[in-house]
Amino acid sequence: MEKLSGSIERVTYYNEENGYSVLRLAPDEPQGAAEDRQGLVTVTGNLPELAPGEYLRLNGDWVEHPRHGMQFKVETIEQAYPATLYGVQRYLASGLLEGIGPKLAERIVDHFGVETLEIIDQHPERLREVPDIGPKRVRIIVEAWEEQRQIKEIMIFLHGHGITTNLALKIYKEYQDQALSIVQENPFQLARDIYGVGFKTADHIAQSMGLPTDHPTRIEAGILFVLEEMINEGHVYVPEQMLGERTVALLSIDRPQFTAGLERLEEGELVFTQEVPVLEDEPETTHRAVYLTPYYFAEVGLARRLNEMADVLLPRLSDIPPMFTALSDNLSEMQAEAVRTALSSPVSVLTGGPGTGKTTSLQALISVVESAKKRFALASPTGRAAKRLSEATGKPASTIHRLLEYSPVEGFGRDTDNPLDI
């Protein structure tokens, strides 16, 4: 990466949400064609809140913007306080420190000179020496100064461990003044709390801080990472044997260390384990399943709710089955059985991989229901899925929320007490 250093002349743009900034910088060294007539260069990137007069050491790359010309795109930043009286006054007058405006900044610098920032940092009570500064104003200035110092310390620490400014800003926004202690105590917490920080990023930070490869927090975070990866592949749980093999390979640890880490996670209720059959037709053969705890209770809750619905609800299509025989010629026996079950049960689940006949079974079910002149509805969780459902069946389909007349303010218009007449 290229290096650039200098003092901020002005902040052209700053986005509080993501820290994206456009700065005009007076560089220490001539930058040739990148400079404008005033000798300034444009700096862009996701940065902490900065002020005119601050001195910066930057790492990044020069890029050519099609409209605005050459710009320095920042990757990492090191902040320093201004070294000149002019820079100090501009820094204090920038509005970055609450309680100090341009006129007060001028009076403070006139009184303390080049020692101004050192006095605010080390002996803030001396601000009372400046005319018209009372104890309340001093307290406001000191609090603002402390906040800015914490941000600088956090940024310096994070950059020292290879963290980009953009990610450092996310970390600070999430944890505020606790950011430094949290990252130092458990960098793997970042992967749980901050969008865009995965296990591998957190592990890189941990390794750069000298955390041992067999540290308990690393092992626990690695187990959770492997679990989440397999959930993303479509699994609700992972067999312990498979989970152990993948975690040991990922972390370069021993199997007993994995087992101890899994036990700690279970004690902390972050994971849930249960013996489950390996094969449905061989229930005596089991293996230990490891769930992320929310997925275990989601699975159990779903099964319980389906059973309750099957027990409590009355079938609404039970008068149809005699009409079905004329429509079953083109179906396999399994597909025909699926349709019969859907007609005779208050609730049913049709599942299977691609090409197993789900759509054909659904089309047959719709034909039977239409032949019996029954009203029905088709719905999917998302708009895209509803569109695919409609294309597959040739019938209108909506999202479940729209079908149940959902309102963000009033909730669902259709529910147990006000069911759909279909």
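A residue counts as buried when its relative accessible area is under 20%. With that cut-off in hand, here are some close-up views of this predicted model.

**Figure 1. Thr247, a buried residue of helix α10.** Thr247 sits in helix α10. Its relative accessible area is 0%, which is under the 20% cut-off, so Thr247 is buried. Which residues does Thr247 touch, once its neighbours within four places in sequence are set aside? The contacts are Gly222, Ile223, Val226, Ser252, Ile253 and Phe258.

Figure 2. Helix α10 runs over residues 240–251, 12 residues in total. From its first C-alpha to its last it reaches 16 Å, close to the 16 Å expected at 1.5 Å a residue. The spacing follows a general rule. An α-helix has 3.6 residues a turn, so residues three or four places apart point the same way.

Figure 3. Helix α11 covers residues 255–267, and its 13 residues should span 18 Å at 1.5 Å a residue; the end C-alpha atoms are 19 Å apart, which agrees. Just after the helix comes Glu269, with a positive phi of about 65°.

**Figure 4. Asp203, a buried charged residue in helix α8.** Asp203 is found in helix α8, residues 199–208. Asp belongs to the residues that count as charged, yet Asp203 is buried, with a relative accessible area of 11%. Neighbours within four places in sequence aside, Asp203 is in contact with Phe188 and Arg218.

**Figure 5. Arg192, an exposed residue of helix α7.** Arg192 belongs to helix α7, residues 189–193. Is Arg192 buried or exposed? Arg192 is exposed, with a relative accessible area of 52%. Ala202 is 10 residues away from Arg192 along the chain, and the C-alpha atoms of the two are separated by 9.8 Å.

Figure 6. The model has one cavity of 30 Å³ or more, and the largest cavity holds about 30 Å³ of space. Its lining is made of Ile77, Glu78, Gln79, Lys152, Met155 and Ile156. Two or more residues of that lining are given by each of β5 (69–80) and α4 (135–160). By type, the lining divides into three nonpolar, one polar and two charged residues.

**Figure 7. The second largest pocket, again involving α4.** This pocket has a volume of about 300 Å³. Its lining counts 17 residues, and Glu49, Glu147, Gln148, Ile151 and Tyr172 lie nearest its centre. Which element supplies the largest share of the lining? That is α4, with seven residues. Both α4 and α5 (165–175) supply at least two residues each. The lining as a whole divides into nine nonpolar, two polar and six charged residues.

Figure 8. Asp132 lies in the loop between α3 (116–122) and α4. Its phi is near 70°, a positive value in a residue other than glycine. At 73% relative accessibility, Asp132 counts as exposed. Lys373 is placed in the loop between α14 (358–371) and β9 (379–380). Lys373 is not a glycine either, and its phi is positive, about 55°. At 75% relative accessibility, Lys373 counts as exposed too.

How values were computed:
Residues numbered from 1 in each chain as written. Predicted model: local features only at pLDDT ≥ 70, side-chain atom pairs only at ≥ 80, totals over all residues. Heavy atoms only, no water. Helix = DSSP H or I, 4+ residues; strand = E, 2+ residues; numbered from the N terminus. Expected span 1.5 Å × (residues − 1). Buried < 20%, exposed > 50% of the residue type's maximum accessible area, 1.4 Å probe, protein only. Contact = heavy atoms within 4.5 Å. 1 Å grid on protein atoms, 1.4 Å probe; cavity = no way out; pocket = protein on both sides within 12 Å on 5 of 7 lines; lining within 4 Å. Points joined across faces, edges and corners; volume = space filled by probe spheres on them.
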